[in-house]
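Subject: Structure for you to look at

Dear colleague,

Here is the structure I said I would pass on. My notes on it follow below.

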Amino acid sequence: GIITQYSPVITGEINVGFLDDNQMWSVIIVLIYESGLEVVSMIQKNISTFDVQRGDVVVQDSTTGLVCFTCIFVEGSQSLGCSIEYLCTRTEYDGQLNITRPLGSQNVTKCIDGIYVCDYNISFHDIEHDGVISNQPAY
């Protein structure tokens with residue numbers, strides 16, 4: 001039916017409590033008529049409690065294997081940096097690169113030589129304020 005009158009039951013912020021660090025949360029918000037008979041709308045949002053919000057990889061020179069990794073952090077992050085793990089899917093050649101960052105810096109980049117041409121599985125991890133690398137990938 002058509003909504004002729006809208007009276008929200010909940011207004012303002014919805015407090016979901018305290019969320020654990022280094023987790024990816026999926027929240028589904030369902031809006032229904034006050035009668036409870038019909039669903040007006042469903043919204044699904046992902047909430048990340050990781051400090052690394054995105055990671056980028058750029059091949060600068062494929063002949064020398066020069067690759068640059070960039071970690072982009074959420075505003076206000078207290079992490080010391082990020083750790084990048086990469087694994088070649090064909091040869092199982094793997095590596096890890098840690099990038100430290102100046103506190104308050106929004107992103108950091110580090111380039112390395114000698115990355116073999118391959119299809120890689122790449123994951124970006126937080127390096128927490130205490131130096132611990134998160135087990136779960138942020139990105």
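Of the 139 residues in the chain, 29% count as buried. Please keep in mind that this is a predicted model. The accessible surface comes to about 9,700 Å², and 51% of that belongs to carbon and sulfur atoms.

The secondary structure amounts to 8 strands and 0 helices, so the pattern read along the sequence is β-β-β-β-β-β-β-β. Of the contacts between residues at least 6 apart in sequence, 55% join residues at least 24 apart.

Core

The largest nonpolar core has 18 residues, and Phe69, Cys71, Cys82, Ile84 and Ile99 are those with the most contacts inside it. At least two residues of this core come from each of β4 (66–73), β5 (81–88), β6 (94–100), β7 (107–112) and β8 (120–127). As a general point, nonpolar side chains in soluble globular proteins tend to be buried together.

Leaving aside residues up to four places away in sequence, Cys71 touches Arg54, Cys82, Ile84, Gln106, Asn107, Val108 and Phe124.

Gln106

One of those neighbours, Gln106, sits in the loop between β6 and β7. Its relative accessible area is 38%, so Gln106 counts as partly exposed. Apart from residues up to four places away in sequence, Gln106 touches Cys71, Ile72, Phe73, Val74 and Glu75. A polar atom of the Gln106 side chain lies 2.5 Å from the backbone oxygen of Phe73. Gln106 and Glu75 are 31 residues apart along the chain, and their C-alpha atoms are separated by 6.8 Å.

β5 and β6

These two strands run antiparallel and are joined by 7 bridges. Glu85 has Gln96 in β6 as its bridge partner. The hairpin they form has 5 residues between the strands, and Glu92 takes a positive phi near 65 degrees there.

In a regular strand the side chains alternate between the two faces of the sheet. For β6, the covered face holds Gly95, Leu97 and Ile99, while Asp94, Gln96, Asn98 and Thr100 make up the uncovered one. Gln96, the partner of Glu85, is thus on the uncovered face, and Ile99, one of the core residues with the most contacts, is on the covered face.

Aromatic residues

A search of the whole structure gives 4 aromatic pairs. In one of them, the ring centres of Tyr86 and Tyr93 are 6.4 Å apart and the planes stand at 45 degrees, so this pair is tilted. Tyr86 is buried because its relative accessible area is 9%, whereas Tyr93, at 27%, is partly exposed.

Tyr86 also pairs with Tyr120. That pair is edge-to-face, with 6.0 Å from centre to centre and 75 degrees between the planes. It links distant parts of the chain, since Tyr86 is in strand β5 and Tyr120 in strand β8, 34 residues apart. Both Tyr86 and Tyr120 are buried.

Phe69, Tyr86, Tyr93, Tyr116 and Tyr120 form one aromatic cluster. Phe69 is also among the core residues with the most contacts.

Regards

Definitions and conventions
Residues numbered from 1 in each chain as written. Predicted model: local features only at pLDDT ≥ 70, side-chain atom pairs only at ≥ 80, totals over all residues. Heavy atoms only, no water. Core = buried A, V, L, I, M, F, W, Y, C linked by side-chain atoms within 4.5 Å. Buried < 20%, exposed > 50% of the residue type's maximum accessible area, 1.4 Å probe, protein only. Helix = DSSP H or I, 4+ residues; strand = E, 2+ residues; numbered from the N terminus. Contact = heavy atoms within 4.5 Å. Polar contact = N/O pair within 3.5 Å; in protein donor to acceptor, adjacent residues only side chain to side chain. Pairing = 2+ DSSP bridges. Areas by Shrake-Rupley, 256 points an atom, 1.4 Å probe, with all protein chains shown as cover. Phe/Tyr/Trp six-rings, centres within 6.5 Å; stacked < 30°, edge-to-face > 60°.
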